[in-house]
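Subject: A structure for you to explore

Hi there,

Here is the structure I promised to pass on to you.

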Amino acid sequence: MAEMLRYRDDEPVDHPAVTVDSFVDQSNAAAVRIEPGDDARELLPHLGRLALVEVNFPAFGDGRGYSSARILREAGYEGELRAVGDVLVDQLAYMRRCGFDAFEPDQQLDKEDVTAAFERWPEVYQNAADTRTPIWSKRHP
């Protein structure tokens, strides 16, 4: 496993994540792992007890995890949202826009490439889960 990239100030969760089905059926878990095909909306009634949500990307071309992240952030989830699996450097900026604040890729990512990925486009065109201001609102206050 490659080095985790984390963009949060709090301490990382140190216990394993359980499946969505297991999480919903128990009351003591604080970390869950969403697999492709899981419905992130099942977690909405439990956001207050979640400290970590891992979203698995088994293949870089499977974009369902982006939707899961956006659903959780728009519903008010403020805990760690970690993309795990086949996470590529050119996906990082888009994942951050959807609300991911930690990444645990299968393969080590070059730190300079990661920095470049986050700095490549200083302006955005639409609102998203992050707090960046769309360029159109800067032009038309």
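This is a predicted model: local features need pLDDT of at least 70, side-chain atom pairs count only at pLDDT 80 or more; totals for chains, interfaces and linings use all residues.

Let's begin with a term: a residue is buried when its relative accessible area is under 20%, exposed when over 50%, and partly exposed in between (1.4 Å probe, protein chains only).

Residues are numbered from 1 along each chain as its sequence is written, and side-chain values use heavy atoms, with hydrogens and water left out.

**The sheet**

Helices (H or I, at least four residues) and strands (E, at least two) are DSSP runs, numbered from the N terminus. Two strands pair if DSSP finds at least two bridges between them. Six strands make an open sheet with mixed pairing, in the order β1-β6-β5-β4-β3-β2. At its edges are β1 and β2, each of which pairs on one side only. Further in, β3 and β4 run parallel, joined by four bridges; Val-32 has Val-53 in β4 as its bridge partner.

Which residues of helix α2 (residues 64–74) are buried? They are Gly-65, Tyr-66, Ser-68, Ala-69, Leu-72 and Arg-73. Viewed down the axis of α2, these buried residues fall within an arc of 160° (taken from the directions from the helix axis to the C-beta atoms), so they line one face of the helix. Their cover includes β3 (31–34), β4 (52–57), β5 (80–85) and α3 (92–98). Just after α2 comes Gly-76, with a positive phi of about 105°.

A nonpolar core is a set of buried Ala, Val, Leu, Ile, Met, Phe, Trp, Tyr and Cys residues joined through side-chain atoms within 4.5 Å. The largest one has 27 residues, and Val-53, Leu-72 and Phe-100 have the most contacts inside it. At least two residues of this core come from each of α1 (20–25), β3, β4, α2, β5 and α3. Leaving aside residues up to four places away in sequence, Val-53 touches (heavy atoms within 4.5 Å) several residues, among them Val-32, Leu-72 and Tyr-77.

**Aromatic rings**

Rings of Phe, Tyr and Trp (its six-membered ring) pair if their centres lie within 6.5 Å; planes under 30 degrees apart count as stacked, over 60 as edge-to-face and the rest as tilted. How many aromatic pairs does the structure hold? There are six. In one of them, Tyr-7 and Phe-103 have ring centres 6.2 Å apart and planes at 70°, so the pair is edge-to-face. It joins distant parts of the chain, 96 residues apart: Tyr-7 is in the loop between β1 (5–6) and β2 (18–19), and Phe-103 is in strand β6 (residues 102–105). Tyr-7 is partly exposed at 34% relative accessible area, whereas Phe-103 is buried at 0%. Phe-57 and Tyr-66 are also edge-to-face, with 5.6 Å between centres and 75° between planes.

Tyr-7 and Phe-103 form one aromatic cluster with Phe-118. A charge sits over a ring if NZ of Lys or CZ of Arg is within 6 Å of the ring centre and within 35 degrees of the ring normal. Arg-96 lies over the face of Tyr-7, 4.8 Å from the ring centre, and its charged end also sits over the ring of Phe-118, 5.4 Å from the centre.

Enjoy exploring!
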